[in-house]
Amino acid sequence: PELQSKDLEGVAQYIASGKCKNIFIMAGAGISRAAGIPDFRSPGGLYETLRKSDVELPRPLDIFTLSYFKKNPKPFYRVMSELYGGTYRPTLTHSFIRLLEERRLLNTCWTQNVDDLERLAGVSSWRLVQAHGSLDSQHCTTCHAKLDDRAMKQAVVSGEVPLCAKPGCKGFVKPDVVMFGEALPSKFWLNIPFMWRADLLIIVGTSLAVPPFSQLADRVPVNCPRVVINTEPVSLWAVGARESDVKVVGDCDETVRRLAQLMGGDWEERLDALWQG
Ligand code: OAD
């Protein structure tokens, strides 16, 4: 299906037409920034902060690399202590994804984020693929025993490396997030074949810098419109740009509000109601 216009108006019309029944989302750290969680690659993002501050790290990316973590988990936990200590609320964009599900338009939300805010916004587990795992559970890197959430939080927030609670082990405990050097969850691979069903792909708040996640964009049918929402222009060149791609340069929360307004009816009202909880 061709969009009547390659902009938000065209996208809203398409969704309203009833021909768009399966929307897929690909989300990244940008959608959680308004919740107070920094992204990775923007100026002021995590990698810049680490480059400037963490003398222990040879390269900022090492913080999320398994081999480095096993040698020295301290920098990872120093960064994580803030996340574990804080309470974060879903953003308007998270609530928009939930609204799509409520309106039976969401097929799958693929996210690279480990903050679990999609779930907190009410997106169902079976509609959610957390491609890089999540911070909501953790295991020992030596014996794979689980550590309970309270013990985990207590250790991380007080600046300690969480250690395995199993007698005699004392291995480092790692949240079930995917580090560089680790396999992606099987749910990621199992869901890829279903992307042929996509009527619309919304790529939001991601630099698309990390494969294999970025390559999902190429899995939707050639006639499926792809909308990229980002505060800066993001190139789909690496995954294969298409003539029909729609680029919306702007803040994701403002953009989804605008889309809800264009949808008309009670979309915006319902969006705000979901967001305000
Ligand atoms: P990045 O930090 O690479 O990209 C975030 C993108 O969001 C940037 O392109 C920003 O321009 C955009 N952005 C920021 N604020 C926004 C806003 N309010 N509205 C719209 N866009 C906004 O984060 P990801 O693409 O998620 O992996 O990074 C992918 C992976 O790289 C992460 O999952 C992590 C990291 O290394 C692992 O740790 C395995």
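Because the model is predicted, local features need pLDDT of at least 70 and side-chain atom pairs count only at pLDDT 80 or more, whereas totals for chains, interfaces and linings use all residues. Residues are numbered from 1 along each chain as its sequence is written, and side-chain values use heavy atoms, with hydrogens and water left out.

**The ligand and its shell**

There are 24 residues around the ligand, of which Arg 41, Tyr 47, Thr 206, Ser 207 and Asn 230 come nearest; a residue is near the ligand if one of its heavy atoms lies within 4 Å of it. The shell is made up of 8 nonpolar, 11 polar and 5 charged residues, where Ala, Val, Leu, Ile, Met, Phe, Trp, Tyr, Cys and Pro count as nonpolar, Asp, Glu, Lys and Arg as charged, and the others, Gly among them, as polar.

The side chain of Asn 230 places an N or O atom 2.7 Å from a ligand oxygen, while a backbone N or O atom of Ala 29 lies 2.8 Å from a ligand oxygen and a polar backbone atom of Gln 112 is 3.4 Å from one. Taken alone, the ligand exposes 790 Å², and the protein buries 96% of that area, as computed by the Shrake-Rupley method with a 1.4 Å probe.

**A covered strand**

Helices (H or I, at least four residues) and strands (E, at least two) are DSSP runs, numbered from the N terminus. S4 pairs with strand S5 (residues 173-177) in the antiparallel sense over 4 bridges, pairing being assigned if DSSP finds at least two bridges between the strands. Within this pairing, Gln 138 stands opposite Pro 175 in S5.

**Salt bridges**

Side chains of opposite charge can pair when their charged atoms come close. The model has 14 salt bridges, each being a side-chain nitrogen of Lys or Arg within 4 Å of a carboxyl oxygen of Asp or Glu. Three of them are set out here.

| Pair | N to O distance |
|---|---|
| Arg 98 and Glu 102 | 3.9 Å |
| Asp 218 and Arg 242 | 3.6 Å |
| Glu 268 and Arg 257 | 2.7 Å |

The pair of Glu 268 and Arg 257 joins helix H10 (residues 267-276) to helix H9 (residues 252-263), and so ties together parts that are 11 residues apart in sequence. Glu 268 is partly exposed at 24% relative accessible area, and Arg 257 is partly exposed at 23%. Salt bridges that share partners also join Arg 98, Glu 101, Glu 102 and Arg 270 into one network. Within helix H5 (residues 92-102), Arg 98 and Glu 102 lie 4 residues apart, about one turn of the helix, and Glu 102 is partly exposed at 27%. In the remaining tabulated pair, Asp 218 is partly exposed at 41%, whereas Arg 242 counts as buried at 16%.

**An exposed helix residue**

Gln 154 lies in helix H7 (residues 149-157) and counts as exposed at 59% relative accessibility. Its C-alpha atom is separated by 19 Å from that of Val 177, 23 residues away along the chain.

Definitions and conventions:
A polar contact is a pair of N or O atoms within 3.5 Å; within protein, one must be able to donate a hydrogen and the other to accept it, and residues adjacent in sequence count only if both atoms are side-chain atoms. Buried means under 20% relative accessible area, exposed over 50%, partly exposed in between (1.4 Å probe, protein chains only).
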